[in-house]
Amino acid sequence: MALELKTDIADRISLISVSSTMKVAADAEKLRAQGVDVVDFGAGEPDFPTPENIKQAAIRAIEQNFTKYTGAGGTLELKQAVCDRHAKDFGTAYKPAECIISVGGKHVIFNLTQALVNPGDEVIIPVPYWVTYKDVVSYAGGKCVFVETDEQNGFTLTAAMIEPYLTAKTRIILINSPSNPSGAVLDRDEFEKIYRLTSRRGIYLLTDECYSHFLYEGTPFSVASLPGAKDTVLVAGTLSKTYAMTGWRVGFGLVPAAIAGAMLKLQSHSTSNPSSISQKAGVEALRGPQDSVQVMLAEYRKRRDFVVRRLREIPGVKCAEPKGAFYAYPNIGVALGKRGIQNTLQFSEKLLAEAHVAVVPGEAFGTSQHVRISYATSMHELERGVERIHRFIAEL
Ligand SMILES: Cc1ncc(COP(=O)(O)O)c(C=O)c1O
């Protein structure tokens, strides 16, 4: 008798969906495989190669047979390098016991939410938000509480916007500054005010510092540097963007030791340690010369200025100026309702199919009139792509 296989999927998987940024990449890849010349503004990753000194450190790690398991939460050497770099860049004072190394920043945020959010707990997420936040909170059984920001003010957040949403169930406020997808940067005073709102009530302030080094004005800031902040501030960091290391998969959490322990428990039964080789590369990234970061930032600034100027030249398109990260988030509401385009997903699909430009629909980030353009690509591609978008919208 044939064995009957049960193929229905566990309920908790239905709480989440495939990351839309990855879907766009897959659709663009399909077209490219058919020989179509696609301009790709979808990918949220630096087009720069990983700096040479970092690559060499990885090669040395292999040659020296540093190719075995490490501690599940990362090597002491890398944890210390993370703490030292964070202290140097932001004036914090973390110890390795308060640090965990995970498989990218995404993994850190996943582990953190799984470790802290109980069913019914509320997590405050400003809109527009990075796609993953919503899904990891839902996966933990938590409730996302979205706080709208104002496009007219460049999507910037204030403490006053957050305060009305605080309840007895609020567990975490999740801030990403500079923001993916809007490039908005939270004003330092407002960050401090939000910190005070949270610490007073024993709410965690999770700060996703993924783009903290890519700031076009002012100096990088970490809310974890405020006196006493280490008790309730949770830092999620990554080497992915700062050092053009997206494929190496090294992220870090700087959190109270008890929380690091809870995250380690989960990690020890899932991924175990991030690649030993990547960890050696990470030590070099954090301890070695830092000039490549400034070189990339200068290039991103040039690209931002170009893209924003050209997008604003498209009739009816508005674009807030990104103050950090490497994304523009133009409002393409002018195209909605034309040629059957009902929403930004349909806009993005048509744009890809007809003009061969990949962008990410704003619905993925919680807004209904925008698309995300990653300008972490060459000036040549930016010129070609924005020209195509201009023509596409003008001819609708
Ligand atoms: C806001 C934000 N946080 C975290 C990450 C995580 O990056 P990774 O998992 O590559 O470290 C990303 C990547 O796109 C991001 O945009």
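This tour goes from the ligand to the cavities and then to some backbone features.

**Before you start**

The model is predicted: local features need pLDDT of at least 70, side-chain atom pairs count only at pLDDT 80 or more, and totals for chains, interfaces and linings use all residues. Residues are numbered from 1 along each chain as its sequence is written, and side-chain values use heavy atoms, with hydrogens and water left out.

**Stop 1: the ligand**

Now pick out the polar contacts (pairs of N or O atoms within 3.5 Å). Start with Asp208: an N or O atom of its side chain is 2.6 Å from a nitrogen atom of the ligand. Go on to Tyr211, where a side-chain N or O atom is 2.7 Å from a ligand oxygen. Then select Ser240, which has a polar side-chain atom 2.7 Å from an oxygen atom of the ligand. On its own the ligand has 390 Å² of accessible area, and the protein covers 92% of it. That area comes from the Shrake-Rupley method with a 1.4 Å probe.

Where does the ligand sit? It is in the largest pocket. A pocket is an open set of points on a 1 Å grid over the protein atoms alone, with protein on both sides within 12 Å along at least five of seven lines. To sit there, a molecule needs more than half of its atoms within 2 Å of the grid points.

**Stop 2: the largest cavity**

Rolling a probe the size of a water molecule over the atoms shows where empty space is left. A cavity is a set of grid points where a 1.4 Å probe fits but cannot get out, and its lining residues have an atom within 4 Å of a point. The structure holds three cavities of 30 Å³ or more. Volume is the space filled by probe spheres set on the points, which are joined across faces, edges and corners.

Select Pro126, Pro128, Leu157, Asn176 and Ser179. Of the 20 residues that line the largest cavity, these lie nearest its centre. Strands S3 (122–127) and S5 (170–176) each give two or more residues to this lining. S5 gives the most, with three. The volume is about 190 Å³. The lining has 13 nonpolar, seven polar and no charged residues.

**Stop 3: the second largest cavity**

The second largest cavity holds about 130 Å³ of space. Select Phe90, His213, Thr238, Thr242 and Phe252, the closest to its centre of the 15 lining residues. Helix H3 (76–90) and strand S7 (233–238) each give two or more residues. H3 gives the most, with five. This lining divides into six nonpolar, six polar and three charged residues.

**Stop 4: the backbone**

Most residues other than glycine have a negative phi, and most peptide bonds are trans. Select Ser177 and Pro178: the bond between them is cis, with omega near -10°. Pro178 is in the loop between S5 and helix H7 (188–201). Next, select Asn180 and Pro181, joined by a cis peptide bond with omega about 25°. Pro181 is also in the loop between S5 and H7.

Finish at Asn65. Its phi is positive, near 60°. Asn65 is in the loop between helix H2 (52–63) and H3. Helices (H or I, at least four residues) and strands (E, at least two) are DSSP runs, numbered from the N terminus.

Technical notes:
Polar contact = N/O pair within 3.5 Å; in protein donor to acceptor, adjacent residues only side chain to side chain. Nonpolar A, V, L, I, M, F, W, Y, C, P; charged D, E, K, R; others polar.
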